[in-house]
Amino acid sequence: MHTSVGDFPGARCNFGVRRPRAPALRRRYGAGVSDDAIQQLQGIDAELAARLDEAVDPEKLYALQVEFLGKKGKLTAKRALMGSLEPAGKKAFGQAFNAIKAAMEGRVAGRKETLEAQARLAELSRIQDLTMLPQRGHVGSVHPITSTRRALETVFRSMGFDVLDGPHVEAEQYNFDDLNIASDHPARDMQDTFFVAPLSGGQAAADLVLRTHTSPVQVRAMLTRKPPIRIIAPGTVFRRDDDATHSPTFHQIEGLCIDEGVSMADLKATMERFVRAFFGADLAIRLRPSYFPFVEPGAEFDVVCPFCERTPGETCSVCRGSHWIELGGSGMVHPNVLRAGGIDPERYTGWAFGFGIDRMAMLLHGVSHLRLMFEGDVRFLEQFPC
Ligand code: PHE
């Protein structure tokens with residue numbers, strides 16, 4: 001509105017009144033200017049809202065927070081607008097600025113909560129993943145030869161036998177001489193036996209060998225016990241054999257029974273009981289005449305193959321169609337051996353046997369190759385859980 005100088009009193013001295021220029025007026029009164037500034041703030045808020053989804057992890061959210069609300073952030077930069085405003089506008093702008101800043105901080109905090117909740121859920125679902133295979137600890141397993149030896153021990157213990165042990169490095173005397181094996185017997189030949197070299201500078205040990213069988217424990221039992229003697233002696237033995245069916249280290253179980261009036265019939269009856277208990281079936285057995293210097297008479301001991309019936313009509317792979325499986329040697333203890341053990345052969349008699357444990361373990365578990373037993377390959381051993 002324009003007023004003329006003459007329109008009102010004192011118009012003559014109207015020098016004090018200056019008409020404000022439009023921008024200043026607008027600044028002073030016009031909400032429009034403030035609105036514009038506030039709209040800029042709101043625009044920044046809207047941009048943040050639109051870009052929140054970019055913040056897919058805490059790092060990206062922090063980057064967004066710095067971009068908008070940091071010291072050099074987009075919103076902070078707009079604080080400068082305040083300087084160009086009149087006091088009333090400043091106040092409105094200040095309030096709007098604080099409110100929008102609080103709202104934006106709220107958005108960031110909300111997004112942070114969402115991310116944390118998502119992370120928590122992901123963590124929970126990871127823990128609850130029931131499809132995960134159970135993690136078993138490595139507990140190891142019992143070697144098939146050990147479990148077979150234990151099973152043999154259980155059977156013979158139940159029949160009143162004690163379990164004895166003997167040294168692996170044995171006196172030639174016990175391994176050969178006292179078992180009626182003459183010093184020129186081929187069994188002493190280097191082909192069969194590991195002789196132990198003398199200790200350098202020490203006592204000559206030419207009379208020590210790695211025991212070639214468990215039979216020396218017979219002598220040790222006789223020297224330390226009085227009849228009636230009923231013992232078994234399972235353990236490792238050593239020979240210089242090494243092919244598909246022989247290993248230089250293998251295992252035997254010795255049996256010895258000495259008392260008055262013991263006969264071959266007792267041996268056969270005990271073996272029948274053993275076979276029934278061990279193989280779980282009434283399998284026929286047979287004794288085939290054979291020669292071992294420490295028994296007289298001597299016999300190979302065979303048991304009917306329990307595996308033939310698994311493959312009726314086919315040649316059994318275990319006994320190769322012979323229907324018999326040879327377990328080892330046996331016989332009546334030679335009088336010379338009783339004598340060497342300090343036992344009167346006129347009063348006492350006894351029987352003995354020596355079977356291969358590894359062969360029995362192979363039979364029990366269907367293992368095709370002896371070497372598997374000694375290679376220590378865990379892929380093989382794991383197949384025999386305790
Ligand atoms: N010691 C004999 C061997 O190793 C087996 C055996 C033991 C034979 C006892 C008869 C009596 O072949």
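Two phenylalanines, Phe93 and Phe97, sit 4 residues apart in helix H5 (residues 87-127), which is about one turn of the helix. Helices here are DSSP runs of H or I with at least four residues, strands are runs of E with at least two, and both are numbered from the N terminus. The model is a predicted one, in which local features need pLDDT of at least 70 and side-chain atom pairs count only at pLDDT 80 or more, while totals for chains, interfaces and linings use all residues. Residues are numbered from 1 along each chain as its sequence is written, and side-chain values use heavy atoms, with hydrogens and water left out.

Buried stands for under 20% relative accessible area, exposed for over 50%, and partly exposed for what lies in between (1.4 Å probe, protein chains only). Another aromatic pair, Phe161 with Trp351, is tilted, with 6.0 Å from centre to centre and 40° between the planes. Phe161 belongs to the loop between H6 and strand S1 (162-163) and Trp351 to strand S9, so this pair ties together parts that are 190 residues apart in sequence. Both Phe161 and Trp351 are buried.

Searching the whole structure turns up 13 aromatic pairs. The pair of Phe93 and Phe97 counts as tilted because the ring centres are 6.1 Å apart and the planes stand at 35°. For the bookkeeping, rings of Phe, Tyr and Trp (its six-membered ring) pair if their centres lie within 6.5 Å; planes under 30 degrees apart are stacked, over 60 edge-to-face, and the rest tilted. Ring pairs also link up a cluster, whose members include Phe156, Phe161, Phe274, Trp351 and Phe355.

Some of these names come back in the nonpolar core. The largest such core has 42 residues, and Phe156, Ile253, Phe274, Leu327 and Phe355 have the most contacts inside it. A nonpolar core is a set of buried Ala, Val, Leu, Ile, Met, Phe, Trp, Tyr and Cys residues joined through side-chain atoms within 4.5 Å. At least two residues of this core come from each of H6, S5, H9, strand S7 (295-304), S8, S9, H11 and helix H12 (378-381). H9 gives the largest share, 6 residues. Leaving aside neighbours within four places in sequence, Phe156 is in contact (heavy atoms within 4.5 Å) with Phe161, Ile232, Ile253, Met271, Phe274 and Phe353. There is also a second, separate core of 22 residues, with Phe176, Leu256, Phe294 and Tyr348 among them.

Helix H11 (residues 357-365) has these buried residues: Ile357, Asp358, Met360, Ala361, Met362 and Leu363. They pack against helix H6 (144-158), strand S4 (229-238), strand S5 (249-259), helix H9 (264-279), strand S8 (324-333) and strand S9 (349-356). Just after H11 comes Gly366, with a positive phi of about 65°.

Glu153 has its place in helix H6 and is buried, with a relative accessible area of 10%. The side chains of Glu153 and Arg149 are joined by a polar contact of 2.8 Å. A polar contact is a pair of N or O atoms within 3.5 Å; within protein, one must be able to donate a hydrogen and the other to accept it, and residues adjacent in sequence count only if both atoms are side-chain atoms. Not counting residues up to four places away in sequence, Glu153 touches Val163, Ile232 and Pro234.

Next comes the ligand. Of the 14 residues around it, His213, Ser215, Arg239, Gln252 and Gly354 come nearest, where being around the ligand takes a heavy atom within 4 Å of it. An N or O atom in the side chain of Ser215 is 2.9 Å from a nitrogen atom of the ligand. For Arg239, a side-chain N or O atom is 2.9 Å from an oxygen atom of the ligand, and a polar side-chain atom of Gln252 also lies 2.9 Å from a ligand oxygen atom. On its own the ligand has 320 Å² of accessible area, and the protein covers 91% of that. Accessible areas come from the Shrake-Rupley method with a 1.4 Å probe, and for residues only the protein chains shown count as cover. S5, S8 and S9 are the elements that give two or more residues to the shell, and the largest share, 3 residues, comes from S9.

Zooming out, the chain has 12 helices and 9 strands, and 36% of its 386 residues count as buried.
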